[in-house]
Amino acid sequence: MEHAALKEAVTVYIEAYNRFDVDGMLAPLHEEVVFRNIANGEVSLTTTGKEDFRGQAEQATRYFSEREQRVIHWQLAGNRVKVAIDYCATVAMELPNGLKPGDTLRLQGKSVFQFDDGKIISIEDIS
């Protein structure tokens with residue numbers, strides 16, 4: 001796959017994420033997609049397969065009233081895309097980390113997308 005096509009697939013995913021559009025997020029994903037959230041060096045969440053991902057993505061839409069992932073740097077190599085992200089969200093419900101509705105969450109992280117058969121097979125969100 002050409003780098004432009006890989007970048008486009010990641011852009012489709014991120015834009016859908018920012019719109020709370022779960023179906024749009026699923027569109028570029030492989031049926032066997034594996035998602036991992038890694039916080040402070042530890043895997044805090046793993047999903048396997050599109051339906052497992054859908055369940056988590058739908059649940060996560062309730063955590064924030066607004067959210068935005070903004071790519072600040074792209075790195076493309078082979079079938080892999082790594083992006084540096086500025087993340088900002090407004091909390092919609094009380095969260096286990098002490099954040100309350102209306103609080104703003106800001107962080108920087110990176111996401112690594114691996115591709116297989118033209119679809120995203122693996123996503124690692126690292127913060």
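Analyst: One thing first: this is a predicted model. Let's begin with a hairpin. Strands S3 and S4, the latter at residues 80-91, pair in the antiparallel sense over 12 bridges.

User: Which residue in S4 is the bridge partner of Phe64?
Analyst: Val91 is the partner of Phe64. Further pairs link these two strands. Glu66 stands opposite Thr90 in S4, and Arg67 has Ala89 as its bridge partner.

User: What's in the turn between S3 and S4?
Analyst: Two residues sit between the strands of that hairpin. Gly78 is in the turn, and its phi is positive, about 60°.

User: OK, what does S4 do on its other pairing, with S5? How many bridges join them?
Analyst: There are 11 bridges between S4 and S5, and the two run antiparallel. One example is Cys88, whose bridge partner in S5 is Arg106.

User: And S1 with S2, how many bridges there?
Analyst: Six bridges, again in the antiparallel sense. Asn37 stands opposite Leu45 in S2. S1 and S2 form a hairpin too, with two residues between the strands. Asn40 in that hairpin takes a positive phi near 55°.

User: Remind me, what holds paired strands together?
Analyst: Strands of a sheet pair through backbone hydrogen bonds, either parallel or antiparallel.

User: Zoom out. In what order do the six strands lie in the sheet?
Analyst: The order is S2-S1-S6-S5-S4-S3. The sheet is open, and its pairing is mixed.

User: What is the average twist?
Analyst: From one strand to the next, the twist averages 20°.

User: Now helices. Which strands does H1 touch?
Analyst: H1 covers residues 3-18 and packs on the sheet. It touches S1 (29-39), S3, S4, S5 (104-116) and S6 (119-126). The direction of H1 makes about 170° with that of S3.

User: And where does H3 lie?
Analyst: H3, residues 50-60, lies across S1, S2, S3 and S6. H3 runs at about 50° to S1.

User: How does the lining divide into nonpolar, polar and charged?
Analyst: It has 18 nonpolar residues, eight polar ones and three charged ones.

User: Last one. What is the mean pLDDT of the chain?
Analyst: The mean is 96, and 100% of the residues reach 70 or more.

User: Where is confidence lowest, and where is it highest?
Analyst: S2 is lowest, at a mean of 95. Helix H2, residues 22-26, is highest, at 98.

Terms used:
Residues numbered from 1 in each chain as written. Predicted model: local features only at pLDDT ≥ 70, side-chain atom pairs only at ≥ 80, totals over all residues. Heavy atoms only, no water. Pairing = 2+ DSSP bridges. Helix = DSSP H or I, 4+ residues; strand = E, 2+ residues; numbered from the N terminus. Axes fitted to C-alpha atoms, helices over the stretch in contact; angles between N-to-C directions. Contact = heavy atoms within 4.5 Å. Nonpolar A, V, L, I, M, F, W, Y, C, P; charged D, E, K, R; others polar. pLDDT = per-residue confidence, 0-100.
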